[in-house]
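Visitor: I would like to go through this model with you and ask, at each step, what a term rests on.
Guide: Then let us look at the structure together and begin with a definition.

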Amino acid sequence: MVGSSWALPPLQSQGGKNASGEGRVDALDILQYQEVNMEILARVFSEPLKKFAEWRQLAQRLKTEAVYKQPVSFQRAEIEEVRRDEALQLPEDLDYFAISASLSQEVREKLDSHRPQTIGAVSRIPGITPAAIVNLLKFVKTSRRRAEGIK
């Protein structure tokens with residue numbers, strides 16, 4: 001439900017910033033903190049939030065949404081990055097056992113035996129985790145930037 005079309009009402013920020021770095025703070029931004037729950041928020045901002053605090057199940061759902069809002073946002077950004085760079089060519093001479101990317105031994109063996117040409121091809125190898133794809137993508141992009149900086 002994170003990122004759905006409805007949201008809790010915006011609250012007045014006292015110079016603070018939300019997780020996106022914007023000055024506008026909504027109730028989910030505040031609710032993400034462990035010590036804050038819907039009851040506390042409803043006491044402070046009773047008018048806009050009272051109805052949300054009265055329904056226990058909804059209050060628990062909103063707390064869950066708030067806690068996972070930022071990690072889900074990061075994960076979506078990583079997914080989008082992989083989609084954008086699906087055609088990124090991998091170096092033919094890439095030694096998967098020697099690179100500093102955070103990859104398990106099993107993933108390194110699969111990559112070495114399949115020798116994929118692109119990030120997209122990596123994503124289609126059975127047993128390669130999304131985290132491994134992101135880590136390999138970041139490694140390759142960083143290595144390319146360093147190499148271009150040296151030239």
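Guide: Two residues are in contact when heavy atoms of theirs lie within 4.5 Å. This is a predicted model, in which local features need pLDDT of at least 70 and side-chain atom pairs count only at pLDDT 80 or more, while totals for chains, interfaces and linings use all residues. Residues are numbered from 1 along each chain as its sequence is written, and side-chain values use heavy atoms, with hydrogens and water left out.

Visitor: Which residues is Ile 99 in contact with, leaving aside its neighbours within four places in sequence?
Guide: With those neighbours set aside, the contacts of Ile 99 are Leu 94, Arg 108, Leu 136 and Phe 139. Ile 99 itself sits in the loop between α4 and α5 (105-114), where helices are DSSP runs of H or I with at least four residues, strands are runs of E with at least two, and both are numbered from the N terminus.

Visitor: Why is Ile 99 called buried?
Guide: Buried means under 20% relative accessible area, with exposed over 50% and partly exposed in between, for a 1.4 Å probe and protein chains only. Ile 99 has a relative accessible area of 10%, and is therefore buried.

Visitor: What makes a set of residues a nonpolar core, and where does Ile 99 come in?
Guide: The set must consist of buried Ala, Val, Leu, Ile, Met, Phe, Trp, Tyr and Cys residues joined through side-chain atoms within 4.5 Å. The largest such core has 21 residues, and Ile 99, Leu 111, Ile 119, Ile 128 and Leu 136 touch the most other members. To this core α7 gives the most, with seven residues. Apart from it lies another core, of 13 residues, including Leu 28, Leu 31, Leu 62 and Ala 66.

Visitor: What is the kink in α4, and where does it lie?
Guide: The bend at a residue is the angle between axes fitted to the seven residues ending there and the seven starting there. In α4 a kink of about 45° lies at Lys 69, shortly before the proline Pro 71.

Visitor: Which elements do the buried residues of α4 pack against?
Guide: Ala 59, Leu 62 and Glu 81 are among the buried residues of α4, and the buried residues of this helix pack against α1 (27-31), α2 (38-44), α3 (46-54), α6 (119-123) and α7 (130-150).
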